[in-house]
Amino acid sequence: MNLNVNETLYTQISEVNATMYKVCIAIPTPTTSDGIWGGQISGRTPLKSFLPLFDLQVIVIYAVTFICQYFLKHLNFPVFISQMLAGLILGSSIQQETVVKYKLMLFPYGSQEVLTSITSIGYAFFMFLTTVQMDFSMITRTGCKPWAIAMIGLAAPLVFCIPTFLIFHTQFHGLMGYAVKDLHIVLLSQTVLSTAVIASLLNELKITNSELGRLALSSVLVSDLVTTTITSFTTALTESNEVKHLVVNLVALVALCIFILFVCRPAMFWIIKQTPEGRAVKDGYIYLIISMVLVSGWVVVQIEQDFILGPFIFGLAVPEGPPLGSALVKKLNVFCTCLLLPIFVTCSVMKTDLSFKYLSAVSSVVIIVLVIVTHLLKITACTVVALYCKMPFKDALALALILNAKGIVEVGLYNGLYDAKVITVETYGIMMLSIMIAACIVKWSVKYLYDPSRKYAGYQTRNIMSLTADSELKVIACIHKQCHISSIIDVLDLCCPTTEQPIIVDVLHLIELVGRCTPIFISHRLQRTTSETFSHKSYSDEIILTFDFYALDNPGAVTAQAYTSISQANLMHDDVCQLALDKVASIIILPFHQKLSADGEIEFDDKNIRSLNCKVLEIAPCSVGILVSRATFQSGSQVRLAMVFLGGKDDREAFCLAKRAMRNPRISLVVYHIVHKEYMPDIEDVIDKDTLEDIQQAHSSLENVSYRQIIANDGQELSAFLRDIVDGHDFFIVGRRHGISSPQIHGLSDWSEFSELGVIGDLLASTDFGIRASLLVVQQQVKDE
């Protein structure tokens, strides 16, 4: 092929024969240009210089990707589909003459090698970060179910298809010719699974923390490690022509694994020990590890393995999570995964040619049928095994679909096979299309089949109001930061635990998942009583000790159990609600997302906590309380508690909590019943009146209990009244919702800033209100009738 000057970065390229070309290139190669006009004589124009051309290519790729993503995001396509579509648009599949002319100017012959080589680094570090975030110990801790699903899912397509190839090899060869060699590669590549792909899919579906998500991650981890091991040894066999050469390669591969496991991994634990608690790992250590990743890739290439294998193995040796794993993720994620990896995907798909000049109808049909059959066999096998393990049919089918997902790892796999001329351009194009189709079908189907929040539907009554007088109160107390501990204990003290009416509190320490892809849920009672303890210091030691001492200070009245959940911020609500469901809790106590000082100043504001609170309010299987803490109670001091009662289910639930407090003589309780001057009683008002009878009776018999009826005709009058009483109390309890027809709050909702606190709660929590007291906003269990 003789190309004109605008189609190549080289001085000249001409065809010698079918497999050889003569290429002329200027030395030194023009890296930078002399500008649009200055390079006319020297030849160093922007489009003839590597760096300006690279920058322009990156800009165009991102522009096309963002345009595709803008239109696809509303249809719930996987994120990487827009990157693949950009590759199809910029590649050789579109053969319109005008478009081809400009694409040859933008991507001249010789430039894509530079683009692909640079962005391949992003793909290598993507694989490294994926294995860094893997919890390798899951292999030893997982049960039989993930192993059975993974191994049978791998074996079923192979057992069916390989004998078919052997029996009908002559017929296939007659139909496909030299392309018949691609069938085995297609079969094997469609059978294997990738942890990175499944983890990304679960993250997009927001089901990583669900039971299905955890099972899928366990299964794919087993499958990924098994297939990587088999593939590595198979590659060594196929690339070695002599037995001596084979033995040398295998010994070198095993030696590399031993060196990484017994030298590099202990060295990284030493780095962790040298890092003070709460401090970041030194940059020098990070850069040393990054260099070792590249060295490991170079070593495996020398023993005739794929470059990606080195970062994959080295990543498994890195201790996941903070401080080292999370530091590597933070350092590399933006540049490698977010910047270079999308360009790598686009460049890989740009090689796809769907212009039909290379496509054979018979070969294409055979490959397409093989892909479909492989997926169907795998889905059937995984579904049957899951059903045998007593999973519901919809969940079993959803799991099988997840384990058939394809993504970026498959793009990189086929790109490497195509560059090595192992598969034809025809097969390459079909497989790229199959990745896009499979990814979309899996995501849409799983989203339809599996809704993790449906198990939290409140068909059973789980609230404080339904408890009998001698029932124990089961509480889930969530803690994000150490400052939340004392305020949670204050709320438990308000509940007045006694041996006759004990409290069972399950404390859940919520930690954001960084540096690992597998969420962790730790029961610290099991951790202390079993021999399989964690080797590192617990993330929640202070919380465990505090609540252990609290239970010892209240023998027979308080039972405390601590848990730690390490998960993604947008999925923490699953762990909270699942624990409440398992423990048959009556109420979940959540800290407010802002930490307010005693004088009303905001000390910190965490948007992730607010998002968690809102999601828990929507799907919680029991009542929920949001705690706005300002100052903790002094030991032995009198606590001035106020309950603002307007009416409705939430106020009645909050009132039941306040009733428990009035048994404690140290707590002075005042119930403010806010009524309208000319209200018309309805059924809710009748229930409210019956509810308040207890406090009215207690008002006359107990010195520490007061009941006051306050007339407020609109929100302005209510606001003025609350402003008058805020300085006279240390703690407020209010309901979240009061009904849209309540005239007492008319006009206040227009100024509400935090809807999760309700109208009254938002008013009392406002920094402009000048309140110094803490606040608990209660929502009664949302039941599905």
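Student: What should I know about the model before asking about residues?

Tutor: The model is predicted, with local features needing pLDDT of at least 70 and side-chain atom pairs pLDDT 80 or more, while totals for chains, interfaces and linings use all residues. Residues are numbered from 1 along each chain as its sequence is written, and side-chain values use heavy atoms, with hydrogens and water left out.

Student: How many helices and strands does the protein chain have?

Tutor: The chain has 28 helices and 15 strands. Both are DSSP runs, numbered from the N terminus: helices are H or I with at least four residues, strands are E with at least two.

Student: Why is Gln83 called buried?

Tutor: Buried means under 20% relative accessible area, exposed means over 50%, and partly exposed lies in between (1.4 Å probe, protein chains only). Gln83 has 10% relative accessibility, so Gln83 counts as buried. Gln83 sits in helix H3, residues 79-90. Leaving aside neighbours within four places in sequence, Gln83 is in contact (heavy atoms within 4.5 Å) with Thr65, Pro342, Val345 and Thr346.

Student: Why is Thr229 called partly exposed?

Tutor: The relative accessible area of Thr229 is 42%, and therefore Thr229 is partly exposed. Thr229 belongs to helix H11, residues 211-239. A polar atom of the Thr229 side chain lies 2.8 Å from the backbone oxygen of Leu225.

Student: Which is exposed and which is buried, Lys390 or Cys496?

Tutor: Lys390 has a relative accessible area of 76%, so Lys390 is exposed. Cys496 has 9%, so Cys496 is buried. Lys390 is in the loop between helix H16 (361-388) and helix H17 (393-402). Cys496 is in the loop between helix H20 (484-494) and strand E4 (503-512).

Student: What makes the phi of Lys390 worth a remark?

Tutor: Most residues other than glycine have a negative phi. Lys390 is not glycine, yet its phi is positive, near 65°. Cys496 also has a positive phi, near 55°.

Student: Why is H23 called oblique to H24?

Tutor: Two packed helices are described by the angle between their axes and the distance between the axes. Axes are lines fitted to C-alpha atoms, for helices over the stretch in contact, and angles run from 0 to 180 degrees between N-to-C directions. Angles under 35 degrees count as roughly parallel, over 145 as roughly antiparallel, 65 to 115 as roughly perpendicular and the rest as oblique. H23 (residues 572-582) and H24 (residues 607-619) pack at about 40°, with axes 9 Å apart. H23 is therefore oblique to H24.

Student: Which residues of H23 and H24 meet?

Tutor: Met572, His573, Val576 and Cys577 in H23 meet Leu612, Lys615, Val616 and Ile619 in H24. By class, this contact has 6 nonpolar, 1 polar and 1 charged residues. Ala, Val, Leu, Ile, Met, Phe, Trp, Tyr, Cys and Pro count as nonpolar, Asp, Glu, Lys and Arg as charged, and the others, Gly among them, as polar.

Student: How do you know that H23 is mostly covered?

Tutor: Of the 11 residues of H23, 8 are buried. Among them are Met572, His573 and Leu579.

Student: What makes H10 and H19 oblique to each other?

Tutor: H10 (residues 195-205) and H19 (residues 425-449) pack at about 45°, with axes 11 Å apart. H10 and H19 are therefore oblique. Leu201, Glu204 and Leu205 in H10 meet Val442, Lys443, Val446 and Lys447 in H19. The residues of this contact divide into 4 nonpolar, no polar and 3 charged.

Key
Polar contact = N/O pair within 3.5 Å; in protein donor to acceptor, adjacent residues only side chain to side chain.
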